[in-house]
Amino acid sequence: MSERVLVTGGLGYLGSVLCEHLLSAGYAVIALDNLTYGAGQGLFHLCANPAFDFVKGDVRDEATMRAALTDADHVVHLAGIVGASACDRDPALTKSVNFESVRLLNKLRSPNQLVVFPNTNSGYGATTGATLCTEDTPLEPISLYGRTKCDAERLLLDSPNAVTFRLATVFGMSPRMRLDLLVNHFVYAAVKDGYIVLFEKDFKRNFVHVRDVADAFIHAIRNGAAMSNRPYNLGLDSANLSKEQLAFAVKKQVPKFYIHFAAIGEDPDKRNYIVSSARLKSAGFEAQRSLEAGIGELIKGYRMLSKGPFQNA
C-alpha cells in the first residue's frame, strides 16, 4: 500500500505542482485547501487518479485537521498567507494561519508523522549581500510574514520528526500561477509590458524552480530519519543574483525589454542576501533546473495567460 501524504494548501502555487510530483513518485495524496483563490482547476487533472483525494477545509479547524491526519504518513504543510504585503493587510489572519495552524498541526500529529515545512530565506533579514547565509546564520526577520514563518519553523524543529526548508525566491509555471514572485514578475513585465522600473537594483536574492522545491520535499520524505530536526536552505547556488543581473538575464531572452533604474520604492522585507545550499547538497539533494531554462518556460507560459487572479500582493 502506498504511503499517504497530506498536502495542506494543495491548490497553491507550490501545492498544485507538489501533488503531481508526489503521485508520479508513487505516493497517495490528500490535498487540503479552503479554496481561497476559487475553484480547484489546478488539480482537476489529478482527479482520475485513484491515489488522489481532495478535502475542502481550513487548517485552523481542529476537527478538519484531526480527520485529515488520520490516514496520513507524512504532512507537507504549505497552507499560509504568503508575502509581506499580503500578510500586512490582515495581521490577525496571518498569525492565525502562518503560526497557530502549525501549532495545531503539531499538537494533533503523531510523533511518527513527518512534517515538511517551508520557511522563507527572507528570514535572514537585511544583510549586506556580501556573505553567504548558511543555516547557522542568525534569523532576523523584518516583516510579519518572516516572523510568523520563523516562529513556526522554531516550533517544529523543537519537536520530533520535522524537516524545514528555507526557500529561495521560487520561479516557474504552476497551475496556480503567481505573478508577484520576482522572476515571474520580471518575465511577465518583459513579455506583456516591454519595460520595468527597477528599484534597489543591487539588492541580491537567491532563486529556485518550483519543481525543484517539489522534488526537495519528496527527498525529505524519503530521507526523513536522516534529515529530521534540521533546517535546509533550498536554492540554486548558481543563482545568487542582484535584481539588475536578473533583469539582464531576462533581457537576453527578450531583447526588447527596457530596464529603467529609479529610487521609487523599497522591499518591505529588506531582502539582500546570498545563500548557500551546501547542507542540502550534503544530504543528497541539489536543485537542477536553471534560471535560464525557467525564464524560457515562463515566456512560453505567458503566451497562454490572459488577465486573471494570479497575484498574492
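Visitor: Which residues is Thr 94 in contact with, leaving aside its neighbours within four places in sequence?

Guide: In this predicted model, Thr 94 is in contact with Ile 81, Ala 86, Cys 87, Phe 99, Leu 144 and Thr 148, once those neighbours are set aside. Thr 94 itself lies in helix α4, residues 91-108, and its C-alpha atom is separated by 8.7 Å from that of Val 82, twelve residues apart along the chain.

Visitor: Why does Thr 94 count as buried?

Guide: Buried means under 20% relative accessible area, and Thr 94 has 0% relative accessibility, so Thr 94 counts as buried.

Visitor: What makes α6 oblique to α11?

Guide: The axes of α6 (residues 182-193) and α11 (residues 291-302) come within 10 Å and cross at roughly 50 degrees. Angles under 35 degrees count as roughly parallel and those from 65 to 115 as roughly perpendicular, and the value for this pair therefore makes α6 oblique to α11. The crossing is right-handed, and by class the contact of α6 with α11 has nine nonpolar, one polar and one charged residues.

Visitor: Why is helix α1 described as largely enclosed by the rest of the structure?

Guide: Eight of the ten residues of α1 (residues 15-24) are buried, and helix α1 is therefore largely enclosed by the rest of the structure. Among the buried residues are Val 17, Leu 18 and His 21, and what covers the buried residues of α1 includes β1 (4-8), β2 (28-33) and α7 (210-222).

Key. Residues are numbered from 1 along each chain as its sequence is written. This is a predicted model: local features need pLDDT of at least 70, side-chain atom pairs count only at pLDDT 80 or more; totals for chains, interfaces and linings use all residues. Side-chain values use heavy atoms; hydrogens and water are left out. Buried means under 20% relative accessible area, exposed over 50%, partly exposed in between (1.4 Å probe, protein chains only). Helices (H or I, at least four residues) and strands (E, at least two) are DSSP runs, numbered from the N terminus. Contact means heavy atoms within 4.5 Å. Axes are lines fitted to C-alpha atoms, for helices over the stretch in contact, and angles run from 0 to 180 degrees between N-to-C directions. Angles under 35 degrees count as roughly parallel, over 145 as roughly antiparallel, 65 to 115 as roughly perpendicular and the rest as oblique. A crossing is left-handed if the near helix is turned anticlockwise from the far one by less than a right angle, and right-handed if clockwise. Ala, Val, Leu, Ile, Met, Phe, Trp, Tyr, Cys and Pro count as nonpolar, Asp, Glu, Lys and Arg as charged, and the others, Gly among them, as polar.
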